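Colleague: I'm new to reading protein models, and I'd like to learn how to go through one feature by feature. Could you walk me through this one?

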Amino acid sequence: MSLETRHAAKRFRRKITGYAACLLPFEADGSIAREAFQAAVARTTDAGLGCAVNMDTGYANYLTAAERTEILGLTREVIAGRRDFVAGVFVEGLEGELVDLYRRQMDEIVSFGGTPILFQTTRFHDWTPAQIVELYARVCEGHESVFGFELGKMFAPNGMIYDEETIRGLMTIPALKGIKHSSLDRGKELRRLEIRDEVRPDFMIFTGNDLGIDMTEYGSDYLLGLAAFCPEKFALRDQYWLEGDERYAELTDALQYLGNVGFRAPVPAYKHSCAVFQHLIGRIPTSEPHPLCPRRPDWEAGIIGDCAKRLGYDL
């Protein structure tokens with residue numbers, strides 16, 4: 001796609017749908033900081049964004065089944081039916097028939113009022129497009145609304161980016177309402193949007209590109225770990241875009257600076273960066289990530305603090 005064609009593809013004053021993948025914070029003793037987590041859910045919801053829990057940002061790959069259930073309960077208590085929320089379905093490493101493994105977690109999420117989003121499993125890696133599409137169709141059968149998730153391996157080894165045949169097939173599943181795309185590749189995501197417009201215009205593409213948050217300008221919506229850092233700033237950015245307000249550009253630049261710092265290699269350590277940011281602005285009790293999460297260096301607070309100041313936070 002030429003620069004001229006790409007520029008012409010921008011969709012000005014579009015209403016953006018955004019979800020923040022909420023960070024799971026911890027107390028000094030290593031336990032889950034439940035009050036701080038619920039405050040984050042409330043803050044995100046009050047800002048007008050949807051909450052996505054038990055995602056990568058919420059350490060879904062490290063939590064026990066009981067802990068994920070607890071997070072669903074904490075989320076439901078806060079949202080109390082005011083709007084939808086999304087919750088991850090994580091089956092990697094579990095033994096058993098995949099349809100059953102997925103559907104058991106999906107049914108639990110729906111019972112708490114959430115919409116399931118399906119993490120991939122390494123079992124998919126040697127499957128054909130037809131096998132993957134059939135699996136999704138069976139898993140989604142009888143559900144009102146489900147989201148998919150294609151995750152680059154820079155985030156997690158169980159992830160994969162689907163080929164176009166698979167994407168086209170997934171778009172034919174009525175209950176599958178959209179997919180989160182986390183390749184960090186603008187070209188691939190723009191092609192996803194082209195396919196969406198051709199095959200199923202109401203199918204939602206949620207950008208997971210924390211290094212290219214302006215993908216919303218081209219028709220993507222978003223489900224971002226970066227939005228967990230400061231959901232109210234993302235909500236304001238979306239409002240500026242809808243209104244055609246020139247302040248959009250400055251705020252987007254500051255948010256993208258934060259994204260470039262927070263999501264530098266190794267990418268999974270962004271969760272520690274998020275904890276440092278949240279702790280600096282006084283929202284969580286410690287800057288500690290989950291003990292299994294890759295860590296940032298001791299000087300992280302300095303560079304993250306600069307990001308926070310650019311966004312207008314007083315430290």
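Colleague: Let's start with the rings. How many aromatic pairs does the count come to?

Modeller: Keep in mind that this is a predicted model. Two rings pair up if their centres lie within 6.5 Å, and by this rule the count comes to 17 aromatic pairs. Take Phe124 and Tyr136: their ring centres are 6.2 Å apart and the planes sit at 45°, so this pair is tilted.

Colleague: Where do Phe124 and Tyr136 lie?

Modeller: Phe124 is in the loop between strand 4 (115-118) and helix 5 (129-140), while Tyr136 belongs to helix 5, so the pair ties together parts 12 residues apart in sequence.

Colleague: Which elements hold Phe229 and Phe263?

Modeller: Let's do the geometry before the places. The ring centres of Phe229 and Phe263 are 6.4 Å apart with planes at 40°, so that pair is tilted. Phe229 lies in helix 8 and Phe263 in the loop between helix 10 and helix 11 (270-280), so the pair ties together parts that are 34 residues apart in sequence. Phe229 counts as buried because its relative accessibility is 0%, and Phe263 counts as buried at 3%.

Colleague: Which residues do ring pairs link into a cluster?

Modeller: Phe229 and Phe263 again, together with Tyr270, Phe277 and Tyr313.

Colleague: Now pockets. What's the general idea there?

Modeller: Rolling a probe the size of a water molecule over the atoms shows where empty space is left. Here, the largest pocket has a volume of about 230 Å³.

Colleague: Which element gives the most to the lining of the largest pocket?

Modeller: Helix 9 (residues 231-243) does, with 4 residues. The lining includes Ala235, Asp238, Gln239 and Leu242, along with others such as Lys15 and Arg83. By class, the lining residues of this pocket divide into 5 nonpolar, 4 polar and 3 charged.

Colleague: What is the volume of the second largest pocket?

Modeller: About 180 Å³. Among its lining residues are Asn54, Arg68, Leu101 and Glu108. The elements that give two or more residues to that lining are helix 3 (65-79) and helix 4 (98-111), and helix 4 gives the most, with 5 residues. The classes in the second largest pocket are 5 nonpolar, 4 polar and 3 charged.

Colleague: Which residues of helix 9 are buried?

Modeller: They are Pro231, Lys233, Phe234, Ala235, Arg237, Asp238, Tyr240 and Trp241. What covers them includes helix 2 (34-47), strand 8 (221-224), helix 8 (226-229) and helix 10 (247-262).

Notes:
Residues numbered from 1 in each chain as written. Predicted model: local features only at pLDDT ≥ 70, side-chain atom pairs only at ≥ 80, totals over all residues. Heavy atoms only, no water. 1 Å grid on protein atoms, 1.4 Å probe; cavity = no way out; pocket = protein on both sides within 12 Å on 5 of 7 lines; lining within 4 Å. Points joined across faces, edges and corners; volume = space filled by probe spheres on them. Nonpolar A, V, L, I, M, F, W, Y, C, P; charged D, E, K, R; others polar. Buried < 20%, exposed > 50% of the residue type's maximum accessible area, 1.4 Å probe, protein only. Contact = heavy atoms within 4.5 Å. Phe/Tyr/Trp six-rings, centres within 6.5 Å; stacked < 30°, edge-to-face > 60°.
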